[in-house]
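Please read it alongside the sequence and the structure shown here.

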Amino acid sequence: MNFTYAFFHLIPLFFSLIPFIVHPSNAATTNPTELVLHVCRRTSDYSFCVESLYSDLHTPGADAYQLAYVSFRLAYLNATGTQHHIATLLQHSSSPGQSQHLRQCSRDYKKATSALERAYYDLDSETFFELADFAGVAAHAAADCQAATKGTYSSLAVMNKNLKRLSEICNVVSKLFSAS
C-alpha cells in the first residue's frame, strides 16, 4: 500500500473517529451545560450524546444555533469517514455478493452525506424547518446499510450505529428550532 493511498483513505476514517477517540474533559461531561442536558436527555444514549457533543471545542459555550452546527458536523464527519471506509472495503471485497452489499451501502451513505450537506445550507440560511428530515435521511441510510450488510463488517456496523446515534442528536437539536 503506497503512502498516498493510505493518506487519502485512512485520514478521513481517522477524522470520523475523532469524536470517539478524543475524550472530553471529565468536568465537561460530568457537568454539561443546560442546553446539552436538555438535548442529551432526549436521546436514547445520554453518555454517547454528551461525549460526542463535548468532543467539539465549540460545545461548552454553544447556543442552540451553534449546537446545531456541532451536531450536524459530527454526523457529517462520521458519514464521510464511513463512505471512505466503504470504498476501502469495496476495493478489498472478495465476492460479488459482498461487493453488491457494499455498493448499496455506498449509495446509502451518498444519500446521508447529501442530506447532511443540505442541513448545513439550511443552517447557513437560517431556515430550520427541514433539519429533522435531513437527520432522518442520514439515520435511515445507516440503518439501510446495516440491513444490506447484515453485520458482516464489524467496523462498518459500529460506524452505522454511530451515525444513527449522531442523527438522533441532530434530530433533537432540530426540534429546538420548531419550539421557538
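A disulfide is here a pair of cysteine sulfur atoms within 2.5 Å. This is a predicted model, in which local features need pLDDT of at least 70 and side-chain atom pairs count only at pLDDT 80 or more, while totals for chains, interfaces and linings use all residues. Residues are numbered from 1 along each chain as its sequence is written, and side-chain values use heavy atoms, with hydrogens and water left out.

**Disulfides**

- A search of the whole structure gives two disulfides, and when the bonded cysteines of the protein chain are numbered in sequence order, the pairing is 1-2, 3-4.
- Cys40 is bonded to Cys49 with an S to S distance of 2.1 Å, and this link is left-handed, with -70 degrees about the S-S bond.
- Cys40 has 0% relative accessibility and therefore counts as buried, a word that stands for under 20% relative accessible area, with exposed meaning over 50% and partly exposed in between (1.4 Å probe, protein chains only); Cys49, at 0%, is buried as well.
- Cys105 is bonded to Cys145, with an S to S distance of 2.1 Å, and the disulfide is right-handed because the torsion about its S-S bond is about 95 degrees.
- That pair links distant parts of the chain, 40 residues apart, with Cys105 in helix H6 (residues 96-124) and Cys145 in helix H7 (residues 131-149); helices (H or I, at least four residues) and strands (E, at least two) are DSSP runs, numbered from the N terminus.
- Cys105 is buried at 0% relative accessibility, and Cys145 is likewise buried at 0%.

- Cys170 counts as buried, because its relative accessibility is 0%.

**Salt bridges**

- Side chains of opposite charge can pair when their charged atoms come close.
- The count comes to two salt bridges, each being a side-chain nitrogen of Lys or Arg within 4 Å of a carboxyl oxygen of Asp or Glu.
- Asp45 pairs with Arg165, their closest N and O atoms being 2.8 Å apart; Asp45 sits in the loop between helix H3 (34-40) and helix H4 (46-53), whereas Arg165 is in helix H8 (residues 154-178), 120 residues apart.
- Asp45 is partly exposed, with a relative accessible area of 25%, whereas Arg165 is buried at 18%.
- Asp56 pairs with Arg73, their closest N and O atoms being 3.1 Å apart.
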